[in-house]
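Hi,

Here is the structure I promised to pass on.

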Amino acid sequence: IFIDLYNDYGSTEFLGYQLLETVSLVKSIIINNEKVNKISKDNEAYLMVNQTPFYAESGGQLGDTGEIVWTEGKGEITDTQKSSGVYLHKVKITQGVLCVGDIISMKVDTIRRAGLSANHSATHLLHEALREVLGNHVVQKGSMVSSSRLRFDFSHNKSLTENEKEKIEDIVNFRIRECTDVNIQISTRDEAIKKGALALFGEKYGNEVRVVSMGANNKSNNKIAWSVELCGGTHVSNTSDIILFRLLSETAVSSGVRRIEAISHKLGFEYLVERDKKLSQISLFLNTTSDKIIDKIKQLDEEKRKTINELSIVKRKIINKD
């Protein structure tokens, strides 16, 4: 269907790097891979428009969601996909009837986009932190970027130590606190590679590429920034917009490939707040302060072992007496 739509209407113009809301023309409505002229309330379809602010799922980043509004109705965009230059928006009509040829206002869910962009930028910082701690053999093998968390697969032949995980998390958070602008430039692929840009696993690049740079580079090399990657995804304007980075887990995916799951941005902050609440509850239950929880647990464990040992002695005395 994507190729047919491209042949009939050409490509969709993507404006989502600069805009989060546009006025667009409905070129086609598709239901069950068939073109229809209209769609009514409570029904779902895919829309093709002439221009869109909605980022389509690509490079591990999930597609945008949001809403559309027109003179006689409105609807919810629940997913955005693309192929062959055509963007398709999954829509559920919540009011009115939408027809081919209608002019609609398209608005991206800005809160969700902010989370997506923060997590995507965090993967770039994570990638470079992994290479700094583990070595330049680390190469991205895949990723998943949602508004709530990120998943990053990379080449490495053994599990990370606790010390390595702490170093990686500290480096990412240091780069976030640097508060450096995220610079995005258009370049040729060859020129970008000469400047130290990393090309990502599984991505197909044309002659013209987007080069995403972040972090101050204090090394004497040809890199224009600390992290430089070819990337078509959406990103924050400044590293401080990521807010913080928290590594949740590190596991094996397959031989020679590891996976990190992490959170950042608002949910990362909320995670820490919730963790502090739980620590306060534990402290109250143990009748101690948060900074002495470990000492209290060790004390209780020692008392438990002592009690078990005393009970064992008493039990043997009873048995011997009988």
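Helix α3 covers residues 162-177, and its 16 residues should span 22 Å at 1.5 Å a residue; the end C-alpha atoms are 22 Å apart, which agrees. (The expected span is 1.5 Å times one less than the number of residues. Helices here are DSSP runs of H or I with at least four residues, strands are runs of E with at least two, and both are numbered from the N terminus.)

A word on the source: this is a predicted model, local features need pLDDT of at least 70, side-chain atom pairs count only at pLDDT 80 or more, and totals for chains, interfaces and linings use all residues. Residues are numbered from 1 along each chain as its sequence is written, and side-chain values use heavy atoms, with hydrogens and water left out.

Back to α3. Its buried residues are E164, K165, I168, E169, I171, V172, N173, R175 and I176. "Buried" means under 20% relative accessible area, "exposed" over 50%, and "partly exposed" in between, using a 1.4 Å probe and protein chains only. The cover over those residues includes α2 and β17 (245-254). C179 follows α3 and has a positive phi, near 55 degrees.

**Helix α2**

D109 caps the N-terminal end, with a side-chain oxygen 3.2 Å from the backbone nitrogen of I111. That is a polar contact: a pair of N or O atoms within 3.5 Å, where within protein one must be able to donate a hydrogen and the other to accept it, and residues adjacent in sequence count only if both atoms are side-chain atoms. Just after α2, G135 takes a positive phi of about 130 degrees.

**The second largest pocket**

This pocket has a volume of about 300 Å³. Of the 17 residues lining it, Y17, S117, H235, V236 and S237 are the closest to its centre. (On a 1 Å grid over the protein atoms alone, a pocket is an open set of points where a 1.4 Å probe fits, with protein on both sides within 12 Å along at least five of seven lines; lining residues have an atom within 4 Å of a point. The volume is the space filled by probe spheres set on the points.) Helix α2 (residues 110-134) gives the most to the lining, with three residues. The lining divides into seven nonpolar, seven polar and three charged residues.

S146 is in the loop between β12 (140-145) and β13 (150-155). Its relative accessible area is 9%, so S146 is buried. The side chain of S146 reaches the backbone nitrogen of S148 at 3.2 Å. Beyond its neighbours within four places in sequence, S146 is in contact (heavy atoms within 4.5 Å) with L62, G115, L116 and N119.

T80 belongs to strand β8 (residues 73-83) and is buried, at 0% relative accessibility. Its side chain reaches the backbone oxygen of D64 at 2.9 Å.

V100 is in the loop between β10 (97-99) and β11 (103-108). With a relative accessible area of 36%, V100 is partly exposed. Leaving aside neighbours within four places in sequence, V100 is in contact with V26, K27, S28, I29, V36 and N37.

Cheers

How values were computed:
Ala, Val, Leu, Ile, Met, Phe, Trp, Tyr, Cys and Pro count as nonpolar, Asp, Glu, Lys and Arg as charged, and the others, Gly among them, as polar.
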